[in-house]
Amino acid sequence: MNSEKTKVHFTDNNLINPTNPITVNLIGAGGTGSKVLTALMEMNHSLMALGHAGLNVRLWDDDVVTEANLGRQRFASSETGLYKSVALINRANRWSGTNWKAETIKFEKSSLGKLPEHTGATIYISCVDTVKARFEIAEILKQSHNGNAYFNRPRYWMDFGNSQYTGQVLLSTIGTIKQPHSEKYETISNLPMVTEEFAELLKQSEAKDDTPSCSLAEALEKQDLYVNSTLAQMGCSLLWGLFRNGLTHNRGFFLNLKDFRSQPIAVG
């Protein structure tokens, strides 16, 4: 009797044994993005200790640090008024000796439809709080994927999203990733984008109030203190598994921090 094969996605070969550091565009430097950056610092150090070329991160955010950000986001009071991306990248570079870059603009096309400079990367990680930003990122990724460049060709997009107590992380391929022949597994070459698979859900969620919080107390009414950091750790664990294991059975998860439940999302 034929048993059904386990579905897996094998990591793109370019991530496993690269000649140069893997380029990462981290979009958003707030509650989740600031903590994802810390996790990427740990990942970079660990990869290099294992003989890998490591990561080269570019952080995008046009927002500045306010009093409301202190406590829930990874900023000190002395950084109030600075661009979030600059404050975080300067600290990361001083800490780990990297030469990562900060962008103080939004990751979006110009009014003429032109892509911003330095949009090319292998991995994109979005930690944004609007549906519009996600659809904009999806458009840019599709446009970048259709280019001719091989180096920095977009391959993966990991999107983080959350409400007060719940959240999700979803890993997508940008186009298809060539899979090896496998007798043991059923290989999945394409992981759908969050903007395709959950388009209606995203649009419904946008109806909620997304105005900026003027104080930490107000911010905590919208997002629990540890939901961002929990998502950041679990999401980066999925990314780490792509590098270390060379494959993944899951392409993300749903999280409910209120009752400590998480539900993996299988690759197929």
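Strand 1 and strand 9 pair in the antiparallel sense, over two bridges. Two strands pair if DSSP finds at least two bridges between them. Strands (E, at least two residues) and helices (H or I, at least four) are DSSP runs, numbered from the N terminus. H9 stands opposite T248 in strand 9.

These strands belong to an open sheet of three strands, with the order 8-1-9 and mixed pairing. Strand 8 and strand 9 (247-248) stand at the edges, each with a single partner strand, so one side of each has no neighbour in the sheet.

## The model and its overall make-up

This is a predicted model: local features need pLDDT of at least 70, and side-chain atom pairs count only at pLDDT 80 or more, while totals for chains, interfaces and linings use all residues. Residues are numbered from 1 along each chain as its sequence is written, and side-chain values use heavy atoms, with hydrogens and water left out.

The protein has eight helices and 11 strands. Of its 268 residues, 47% count as buried. Buried means under 20% relative accessible area, exposed means over 50%, and partly exposed lies in between (1.4 Å probe, protein chains only). The protein exposes about 13,900 Å², and carbon and sulfur atoms supply 50% of that. Such areas come from the Shrake-Rupley method with a 1.4 Å probe; for residues, only the protein chains shown count as cover.

Contact means heavy atoms within 4.5 Å. Among contacts with a separation of 6 or more, 68% join residues 24 or more positions apart.

## Aromatic pairs

Rings of Phe, Tyr and Trp (its six-membered ring) pair if their centres lie within 6.5 Å; planes under 30 degrees apart count as stacked, over 60 as edge-to-face and the rest as tilted. By this rule there are three aromatic pairs. One of them joins F10 and Y185 edge-to-face, at 6.1 Å centre to centre and 70° between the planes. F10 lies in strand 1 (residues 6-10) and Y185 in strand 8 (residues 185-187), so the pair ties together parts 175 residues apart in sequence. F10 counts as buried, at 17% relative accessibility. Y185 is buried too, at 17%.

W60 and F107 also form an edge-to-face pair, at 5.0 Å centre to centre with 85° between the planes. This pair links distant parts of the chain, 47 residues apart: W60 is in strand 3 (residues 55-60), and F107 is in the loop between strand 4 (101-103) and strand 5 (123-126). W60 is buried, at 1% relative accessibility. F107 is buried at 6%. W60, F107 and Y124 form one aromatic cluster.

## Helix 3

The 13 residues of helix 3 (residues 84-96) should span 18 Å, and the end C-alpha atoms are 18 Å apart, which agrees.

The buried residues of helix 3 are K84, S85, A87, L88, I89, A92 and N93. Their cover includes helix 2 (33-49), strand 3 and strand 4. Just after helix 3, G97 takes a positive phi of about 70°.

## Around F254

F254 lies in strand 10 (residues 250-256). F254 is partly exposed, with a relative accessible area of 36%. Leaving out residues up to four places away in sequence, F254 touches G167, Q168, F198, R261, S262, Q263 and I265. F254 and G161 are 93 residues apart in sequence and 9.8 Å apart in space, C-alpha to C-alpha.

Methods: The expected span of a helix is 1.5 Å times one less than its number of residues.
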